[in-house]
Amino acid sequence: MKKLNRTIIEKLFAPHIYERGLAYYNRDRVQGLSFNKQKEVWFAEVAGTQDYYVEVDVSNMEAGTLKTYCECPAFEMYDTCKHL
């Protein structure tokens, strides 16, 4: 499996979304970050307006795709958010 690094992650988001998400991470708003090796999925709870469950499926990363999910309203509307 190809390794994720900061450069790869940064390229997945618009600059303002990436910066806000990084600030959330640096302020310890990401809790329970875990990786399911069998399914190749990262998941966590992120504290925003409320706590949101997030998931990043990296099982098809070799093919150049990630599948993401967040419970927040922004993700529902735009398919991306700072919580991811």
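The lining of the second largest pocket divides into seven nonpolar, four polar and two charged residues; here Ala, Val, Leu, Ile, Met, Phe, Trp, Tyr, Cys and Pro count as nonpolar, Asp, Glu, Lys and Arg as charged, and the others, Gly among them, as polar. A pocket is an open set of points, on a 1 Å grid over the protein atoms alone, where a 1.4 Å probe fits, with protein on both sides within 12 Å along at least five of seven lines; lining residues have an atom within 4 Å of a point. This is a predicted model, in which local features need pLDDT of at least 70 and side-chain atom pairs count only at pLDDT 80 or more, while totals for chains, interfaces and linings use all residues. Residues are numbered from 1 along each chain as its sequence is written, and side-chain values use heavy atoms, without hydrogens and water.

The volume of the second largest pocket is about 180 Å³, a volume being the space filled by probe spheres set on grid points joined across faces, edges and corners. Among its 13 lining residues, R20, A74, C81, K82 and H83 are the closest to the centre.

The largest pocket holds about 940 Å³. Of its 34 lining residues, L4, I9, F13, V56 and L84 lie nearest the centre. The greatest contribution to this lining, six residues, comes from α2; helices (H or I, at least four residues) and strands (E, at least two) are DSSP runs, numbered from the N terminus.

I turn to the strands. Antiparallel β2 and β3 are joined by seven bridges, where pairing requires at least two DSSP bridges. Within this pair, A44 partners V54.
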